[in-house]
Each structure stands twice: as structure tokens, then as C-alpha cells.
Amino acid sequence: MAQNGPGDAYVEFQHVQKSYDGVSLVVKDLNLSIGKGEFLTMLGPSGSGKTTCLMMLAGFETATNGEILLDKRPINQVPPHKRGIGMVFQNYALFPHMTVGENLSFPLEVRGMGKDERETKVKRALDMVQMGNFINRRPAQLSGGQQQRIALARALVFDPALVLMDEPLGALDKQLREHMQFEIKHLHENLGITVVYVTHDQGEALTMSDRVAVFNDGRIQQLASPADLYERPENSFVAQFIGENNKLPGTIEELNGDKALVRLATGELIDATAVNVKEKRQKTLVSIRPERVEFKPSMMPEGAHTLDAEVIEVIYMGDILRAVLRVAGSDDFVMKMRNTLGQTRLAPGEKIKVGWHPLDARALDPM
Amino acid sequence: MAEAATTLLTTSDGRPLKAALATAQARAKRRAFLLVLPLLLFVLLTFLIPIGYMLKRSFEHDGFSASAPGLSAWFAQNPGFDPANPPEEAYAALVSDLALMQKEKTTGMAGTRINYTVPGTISLFKAGARAAKDLQPPYKDALLAVDPEWGMPRLWRAMEAASSPYTTEFYQVATDRKLGDDGWGRGADQDRIYLFLFFKTFLVSGAITLICLLLAFPVAHLLAVLPMSKSSLLMILVLLPFWTSLLVRTTAWIALLQEQGIVNDLLVWMGLLSNDNRLQAMYNMTGTIVAMTHVLLPFMILPLYSVMRVIPPSYARAARSLGATSWTTFRRIYVPQTLPGIAAGSLLVFILAVGYYITPALVGGADGQLISNLISFHMAKSNWSLAAALAAMLLAAILVLYWLYDRLIGIDRLKLG
């Protein structure tokens with residue numbers, strides 16, 4: 001994984017702000033550096049500013065304030081066609097009046113490359129995405145997945161060091177999308193290119209990225225590796241946005257370093273890890289992943305606080321069993337259990353006790 | 001599956017499935033046909049039948065054959081006669097026919113028919129008909145004594161051709177050929193007006209189409225990319241003249257461009273022109289081109305707009321990100337995608353311009369007349385057959401263009417809005 005030192009930043013956003021109407025900011029003070037060869041994903045709900053950031057990097061939008069550096073060169077004044085950045089668009093944007101070969105040849109032609117060299121490169125790029133036999137087809141004759149491959153090949157054919165992808169898999173069905181995720185990932189690894197990927201699909205972000213920048217409300221909420229993001233969310237938004245999460249509201253009873261004792265609204269005490277709470281009697285939201293919730297006493301750590309729970313329903317999902325519980329006054333506490341041979345089958349109405357390792361319960365800001 | 005394909009399927013009440021399907025669809029088809037029937041009748045009565053009648057008129061004229069039965073019969077019996085020296089029987093038949101014309105008052109019709117191919121023969125026929133009943137044999141000498149022009153070989157050729165109601169002579173005239181003593185030949189250069197006017201009409205229409213395209217392209221692009229509120233305003237500016245009467249718009253151009261008009265007055269007032277050196281921009285070809293360009297502009301803007309509106313901006317972005325300058329992007333990505341609109345607009349404007357009548361008639365003066373004005377001129381002079389022949393040639397030319405367009409671009413790519 002590429003490191004984020006100031007020396008090897010390939011793309012750098014410095015205090016970038018963007019406003020469309022002069023009244024509100026879509027991007028608020030963005031600072032981000034992307035290492036060479038890194039696969040960085042900008043993840044966020046729509047309207048969070050992630051696509052705007054990508055468009056500013058591509059040169060289709062101008063930054064209202066701040067500086068964007070590409071390979072240590074400020075590029076605010078560089079027009080898009082001189083940036084040499086490959087881009088894959090959401091709807092592929094394959095030129096409908098050109099064949100696949102002409103589409104791929106286009107970026108090479110505008111660079112004044114000779115015919116023989118063009119043909120070699122086009123062929124190589126098509127082989128890279130296993131589309132060598134489709135050179136004479138028109139985009140309209142291809143399926144969505146095939147068009148996606150061609151769009152990818154076209155963005156790579158002129159050997160850009162940086163490739164931007166704007167929700168490239170959004171229009172594909174689930175199976176094809178997962179397949180393409182791995183292909184893009186492998187292309188990234190084999191070619192050593194830097195990729196900036198925009199998506200609102202968290203699964204995609206976690207699968208593919210070296211690091212993920214979670215956007216909300218024009219700011220990066222957390223910039224971390226997928227594992228850190230999932231296991232150690234730094235605020236409630238990230239905890240809610242990435243994966244499924246149980247939230248238990250409460251107040252800090254005791255605070256000792258990063259160990260916190262939280263009194264829930266219904267009076268019970270639980271152990272948690274303090275993340276962004278600073279003082280006693282502060283309101284907090286404790287977040288626990290459903291798959292880290294335990295109900296067998298043997299699996300719980302010594303002396304851990306437990307909560308009474310009542311099973312509301314159990315949903316059979318194949319690989320896992322998903323139980324919805326009533327815990328501390330809320331009806332939407334979820335627990336996930338592996339569907340193993342010896343797994344205890346819970347029935348609705350059953351009373352159990354649930355607990356967790358204090359490291360898995362994260363006391364976050366109350367939102 | 002294979003079994004189902006071989007056994008004959010029936011509906012639940014036992015009828016064969018195919019027959020049931022045909023009955024069900026026949027009803028739907030009949031209803032659909034009834035819906036289009038009123039329009040079909042309307043088009044048939046007001047459009048196709050008149051065009052067919054016009055085409056017929058361009059081949060048919062019985063002005064002479066009906067009023068000169070004797071001579072017509074003689075021509076039919078003597079197909080190989082010498083027009084330079086017709087025999088006595090021919091003259092005898094002619095004199096008796098002339099006497100008949102005088103009695104039936106059909107001299108004018110017969111004379112007019114011959115006059116198409118041999119100009120100046122109406123008076124000849126009138127004088128001949130008046131004298132006919134007093135003439136004594138030998139008729140040849142007697143008629144030549146009335147007027148020696150009765151011996152002209154081309155007159156006899158013309159009468160022979162006119163003895164049948166069906167003829168291609170109007171097309172000969174319409175293509176600037178002239179009947180001489182030795183038969184049809186190329187006319188004198190100063191008389192060759194029709195083909196030249198056809199050529200001029202096509203050239204002017206081409207120029208107007210090109211100017212329209214150059215003016216309409218940026219407007220249509222702006223319409224397609226502006227936000228809704230602004231583009232609606234611009235669209236109204238495009239449509240307002242479109243909704244205004246053609247006559248009003250053309251007259252407005254007269255007010256603007258004539259010698260004592262607003263534009264000239266302004267230029268003189270600003271000192272850019274001297275008063276005795278005013279621009280001649282009206283009642284000539286300039287006036288025709290300016291006014292027609294303005295009148296036909298919406299027909300170019302609207303098809304272009306309808307095509308440009310659906311071109312996603314991501315194509316241009318993709319091209320830019322691939323390294324193309326804005327000019328290359330425009331030329332190689334944008335323009336090719338607007339081709340259906342360009343083709344539709346150009347075809348529409350060109351075909352409309354080729355047949356345009358009112359504007360050139362009002363602002364064209366002597367120099368800015370097009371072929372339709374000449375057709376109208378012949379119609380006003382009751383030369384229906386010649387007008388029909390010219391119009392049929394225009395129709396044929398447009399059909400050829402349409403065919404070429406279909407071959408080159410494909411009519412299915414036409415987008416009119």
C-alpha cells in the first residue's frame with residue numbers, strides 16, 4: 001500500500017473549495033494527497049462533493065479556491081486535454097459514430113502517433129481487457145459489460161499515469177460488477193497506475209481500494225484503509241455509512257484513557273472504546289458491528305458487561321443468520337451469526353444476554 | 001417444445017390459433033386504417049390527384065388536335081410527309097379546318113397550341129381562319145398568298161406534332177430546345193432561360209442552405225446547452241418569427257433593406273455611405289437570399305436542436321480527457337453526432353428554398369427570380385402545360401435529390417424534431 005508521506009504525493013488537493021452558486025460550498029477545505037500507484041476511492045452519498053472533486057481533478061470544473069497539484073505541478077490553469085489523465089465515465093461515453101478500434105485510436109491520433117504504433121497499442125489495450133475480437137464493432141453492438149471494458153481500455157491506451165473512474169460499474173448487474181471490480185483491481189496492480197475511483201457503493205470501495213476517503217457534506221470524514229474504515233470508524237457518520245451498525249445512545253460515565261464506561265439511556269452500563277469523546281457526562285453514540293455481538297457466555301471476555309435481549313425475529317440468509325433483538329429499549333439491534341452446523345438456533349421470544357469485546361464497541365460523537 | 005411446434009394449436013373454444021390470431025389482428029388493423037382514412041382521402045383529393053393531373057397536363061394538350069380534325073386525320077395517314085413541301089391535300093385539309101375553326105371559334109385554342117413551339121403563330125391562325133372560307137383551290141397557292149409563313153417547314157412540323165393530344169414538346173421547350181425548320185435543336189443562347197434558371201435556383205438554394213446552417217448551428221447548440229429558463233426564452237425568439245406571417249416578415253425586410261429603407265438611412269446618417277451611393281440590397285438576388293435565409297432559418301434550427309439536445313456532454317468531456325483540443329472535439333466528436341440534424345435541416349431548407357415563390361416574387365426584383373416565379377408566370381398566362389412541364393422537372397430533380405440523400409446518408413437517420 002502506498003504511503004501518504006508529503007514527499008511522494010502524486011496528486012495533492014490543498015485547501016480546495018468549490019462553490020457553484022457563490023452562496024454555498026459543495027467542497028469545503030479539501031486536503032488530500034494521493035500517492036503514486038495508489039488506488040484511492042472517494043466514497044460518499046450523492047451530493048457529498050466526491051464527483052465534484054473528481055471533475056476538478058480532471059479539469060472539467062475549476063476550483064473556487066485552493067490548489068490542485070499533479071506530480072508537484074499546479075494544474076488549476078491546465079486545460080483538461082493537457083493533463084494526460086485517463087478517465088472512465090459513468091455511462092462509458094464511447095463515441096457512438098466510431099468503431100471500438102477508432103474509439104481507442106482517438107487519444108493516440110490526437111497525440112500525433114503514427115499508424116503502426118497506434119495499431120500496436122490499440123491491440124495491446126484490447127487484449128488487456130480480453131476484447132481483441134471486437135475491434136470492428138460499434139459501441140451500440142456491445143453489451144454493458146463489454147462497453148465497460150472498452151471504456152477502460154480507452155482510458156488506458158495512451159498510458160496515463162493517473163486514471164479517474166466516475167462510478168464506472170454503476171450500470172452493471174451485481175455479478176458482472178463484482179467480476180469487473182477484480183479486473184480493475186488487477187489492471188491497477190499490473191500496470192502500476194494511480195487510480196482515483198468515485199463510488200457510492202461501499203462494498204465496491206472496500207473491495208478495491210488501498211485507501212478510502214469517505215465524503216459527506218463537502219468534507220472528508222475519514223481517510224483510511226478499508227479495514228480501518230470498517231473496524232475503526234472515527235465518527236458516527238462513517239460508522240453508519242460503512243456496513244451495518246448497531247447504535248446505542250448514552251452518556252460517558254467514566255473516561256480512562258481510551259477506555260470508557262457508558263451509561264445507556266435505559267440505565268445499563270457498558271464498556272466501550274473512546275474514539276471522539278473527550279469528557280465525562282458527554283453524550284455519545286456507541287456503535288457495534290452486528291457480527292461482533294456475542295450471545296454465548298463462553299465467547300465473551302472476562303468481566304464484560306452484558307445486556308438483556310429478547311429475540312424479535314431470526315432471518316435465514318444462507319451464509320449467516322440474522323437476528324433482530326430488543327436491546328436497551330430499541331427494537332432494531334442486529335446480531336449476525338455464522339451458519340455453522342453447531343450454531344444455536346434462536347427462536348423469537350427467547351431471552352438471551354448479549355455482550356462484546358470493549359474494543360468492538362466504539363463510543364463516537366452523538367451526530 | 002418440439003412437440004408443441006408440430007401439433008396444431010387451438011384456442012380454448014377449438015378454433016385454430018393462427019386463424020384466431022389473424023381475426024384478432026384484422027380487427028385491430030381495420031381500426032387503425034379507419035383512423036388514417038380521413039387524412040388519406042384528404043391527401044389523395046388535394047395533393048396526389050392535382051399532382052397527377054399536373055403531370056398529365058405536361059404531356060397533353062388537345063387545343064389543335066380537337067379543332068383541326070381534318071388535318072389531324074391526314075397527318076395520321078401520311079406519317080412520312082416532307083414538312084418543307086407538304087402536298088395539296090394537306091393544304092386542302094388545313095383550309096377546311098381553318099374554316100371550321102372560324103365557325104366554331106376555336107382558332108385561339110389551336111393557334112395557342114402551335115404558338116408554344118413556333119412563336120408568333122396566333123395571329124397567323126386568326127388571319128388564316130378569317131380568309132379560309134373564301135379561298136379557292138389550289139389551296140396551297142391560295143393560303144400562301146394570304147401569308148407566306150404558312151409554308152414554313154417548322155410550322156408543319158409543329159402542326160404534325162400537335163395533331164396528337166399527347167406530346168413531349170413542352171419538355172423540349174422547358175429544356176431550352178427550339179423547333180427549327182429541320183426539327184428540334186438547341187435554342188439560341190439568348191433564349192436559353194429555363195435551364196439557366198433551374199441552375200440558378202439550385203445554386204441560390206444551396207447558398208441559402210449553407211448560410212442557414214452556419215447561422216443555425218451556434219443557435220441550436222446554445223439552445224441545447226443553456227439552462228431551461230434561458231433556453232426557453234431563446235426558443236421563443238426563434239419561434240416568434242416562425243409563427244409570424246410570411247408576408248409580414250418579407251415586407252419587413254423590404255422596409256429594412258430598400259434603397260430608402262432603415263438600414264440605408266442609418267448608414268447614410270452615420271456617414272458610412274453617401275446619399276447617392278445607397279446599397280442596393282432589395283429587389284435583387286441579395287434581397288432574395290437575405291429574406292429567404294431569415295424565413296427558412298427555423299427549419300434548420302429545430303432539427304439541429306432536437307439532435308443536439310440528446311447528445312450527452314460526457315462525450316465532449318471524454319474527448320477532452322483523451323487529449324483532444326476543443327476544436328478537435330468539436331470537429332471529430334460533436335459534429336459527426338449532429339449529422340442527422342444537419343442532414344434533416346439541410347434537406348428541409350433546400351427543398352423548401354427550391355420551390356419558394358412568395359419571397360422572391362416580392363423582394364427579388366428582376367434579378368432575384370427563381371424557377372417557381374417563372375412557373376407562376378406561365379400559369380398566369382394560361383400556359384398550363386409548359387408550367388406543368390417545368391414543375392414536373394422541378395419535382396423530378398427533388399426526387400433525385402431525395403434518392404441521393406437516402407443513398408448517401410439514409411432516410412432513416414433523418415431527425416425532424
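This is a predicted model: local features need pLDDT of at least 70, side-chain atom pairs count only at pLDDT 80 or more; totals for chains, interfaces and linings use all residues.

1. Two residues are taken to be in contact if their C-beta atoms, placed from the backbone, lie within 7 Å. On that basis, residues 24 or more positions apart account for 64% of the contacts in chain A with a separation of 6 or more.

2. Overall description of chain A. The secondary structure of this chain comprises eight helices and 19 strands. Its C-alpha trace extends over about 75 × 50 × 35 Å along the principal axes. Of the 367 residues in chain A, 41% are buried.

3. Backbone of chain A. Most residues other than glycine have a negative phi. Asp159(A), which is not a glycine, has a positive phi of about 55°; it is located in the loop between α4 (144–156) and β7 (162–166) of chain A. Asp159(A) counts as partly exposed because it has 13 C-beta neighbours inside 10 Å. A positive phi, near 65°, is also found at Arg281(A), again a residue other than glycine. Arg281(A) belongs to the loop between β13 (269–274) and β14 (283–288) of chain A, and with 9 C-beta neighbours inside 10 Å it counts as exposed.

4. Contact between the chains. On the side of chain B, 15 residues are in contact with 18 residues of chain A. The elements of chain B that contribute two or more residues to this side are α15 (313–321) and α16. The largest share, six residues, is supplied by α15(B). Classified by type, the side of chain B that touches chain A has seven nonpolar, six polar and two charged residues.

5. Packing of α14(B) against α16(B). The axes of helix α14 (residues 285–308) and helix α16 (residues 326–354) of chain B come within 8 Å and cross at roughly 155°. Since angles over 145 degrees count as roughly antiparallel, α14(B) is therefore described as roughly antiparallel to α16(B). The crossing of these two helices is right-handed. Among the residues that make the contact are Met292(B), Leu296(B), Phe299(B) and Met300(B) of α14(B), together with Gly341(B), Ile342(B), Gly345(B) and Leu348(B) of α16(B). The contact residues comprise 15 nonpolar, four polar and no charged.

6. Which residues of helix α3 (residues 69–77) of chain B are buried? They are Leu71(B), Ser72(B), Trp74(B) and Phe75(B). Viewed down the axis of α3(B), the buried residues fall within an arc of 160°, so they line one face of the helix. In general, an α-helix has 3.6 residues a turn, so residues three or four places apart point the same way. Ala76(B) and Gln77(B), on the other side of α3(B), are exposed. The cover over the buried residues of α3(B) includes α4 (88–104) and α8 (153–162) of chain B.

7. Surroundings of Glu88(B). This residue is placed in helix α4 of chain B and, having 12 C-beta neighbours inside 10 Å, Glu88(B) counts as exposed. Leaving aside residues up to four places away in sequence, Glu88(B) touches Pro138(B), Tyr139(B) and Lys140(B). Pro138(B) lies in the loop between α6 (121–132) and α7 (139–146) of chain B. A cis peptide bond, with omega about -5°, joins Pro137(B) and Pro138(B); most peptide bonds are trans.

Conventions: Residues are numbered from 1 along each chain as its sequence is written. Chains are lettered from A and ligands numbered from 1 in the order in which they are written. Axes are lines fitted to C-alpha atoms, for helices over the stretch in contact, and angles run from 0 to 180 degrees between N-to-C directions. Helices (H or I, at least four residues) and strands (E, at least two) are DSSP runs, numbered from the N terminus. Angles under 35 degrees count as roughly parallel, over 145 as roughly antiparallel, 65 to 115 as roughly perpendicular and the rest as oblique. A crossing is left-handed if the near helix is turned anticlockwise from the far one by less than a right angle, and right-handed if clockwise. Ala, Val, Leu, Ile, Met, Phe, Trp, Tyr, Cys and Pro count as nonpolar, Asp, Glu, Lys and Arg as charged, and the others, Gly among them, as polar. A residue is buried if 20 or more other C-beta atoms lie within 10 Å of its own, exposed if 12 or fewer, and partly exposed in between; C-beta atoms are placed from the backbone. The arc is that of the directions from the helix axis to the C-beta atoms.
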